[in-house]
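Colleague: I would like to learn how to read helix packing. Shall we take a case together?

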Amino acid sequence: METDPRQLRRIERGETNISVDSMLKLASALHLGLPHLWSEEFPPAPPPRVPHEAPPRKPRRTSRTPSERLAERVVALRQQRGMTQRDLSARSGLSLSLVRGIENGRNSPTLRSLEGLARALGVEVVSLL
């Protein structure tokens, strides 16, 4: 993850509102699954790479982006609870246009937005991911 060291320090201290896309890049750079960013337990570190080994291959792109998978999850949870987008907007404290953008997969929500959605839907943030 190529980023400014000052930005990384702000992320580590919880002083910035990080987007889901940035969280995915951070998790990838740390060789972690996204849920591990919330976990108090860390998985074992990957074994060190031997210099003559070929670098690991990047995983093949799935047919759906993380934003699309998040959108499907939010829509399914909202519908299970009999809520409209307007209801979700009011309960989460997010604008209706942001809720619509997230559900359409156009917007990558920030951590604070995810927390609002999770609270409104009665789930943990990690379950949205």
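Modeller: Start with handedness: the crossing of H4 and H6 is right-handed (the near helix is turned clockwise from the far one by less than a right angle; anticlockwise is left-handed). This is a predicted model, where local features need pLDDT of at least 70, side-chain atom pairs count only at pLDDT 80 or more, and totals for chains, interfaces and linings use all residues. Residues are numbered from 1 along each chain as its sequence is written, and side-chain values use heavy atoms, with hydrogens and water left out.

Colleague: Which residues make the contact?

Modeller: Leu88, Arg91 and Ser92 of H4 meet Gly116, Leu117, Arg119, Ala120 and Leu121 of H6 (contact: heavy atoms within 4.5 Å).

Colleague: What describes two packed helices?

Modeller: The angle between their axes and the distance between the axes. The axes of H4 (residues 85-92) and H6 (residues 111-121) come within 8 Å and cross at roughly 110 degrees. H4 and H6 are therefore roughly perpendicular (65 to 115 degrees).

Colleague: At what angle do H3 and H6 pack?

Modeller: About 25 degrees, with the axes of H3 (residues 66-80) and H6 10 Å apart. That makes H3 roughly parallel to H6 (under 35 degrees). Their crossing is left-handed. Leu70, Val74, Leu77 and Arg78 in H3 meet Leu114, Leu117 and Leu121 in H6.

Colleague: Is Ser89 buried or exposed?

Modeller: Ser89, found in helix H4, counts as buried at 12% relative accessibility (buried is under 20% relative accessible area, exposed over 50%, with a 1.4 Å probe and protein chains only).

How values were computed: Axes are lines fitted to C-alpha atoms, for helices over the stretch in contact, and angles run from 0 to 180 degrees between N-to-C directions. Helices (H or I, at least four residues) and strands (E, at least two) are DSSP runs, numbered from the N terminus. Angles under 35 degrees count as roughly parallel, over 145 as roughly antiparallel, 65 to 115 as roughly perpendicular and the rest as oblique.
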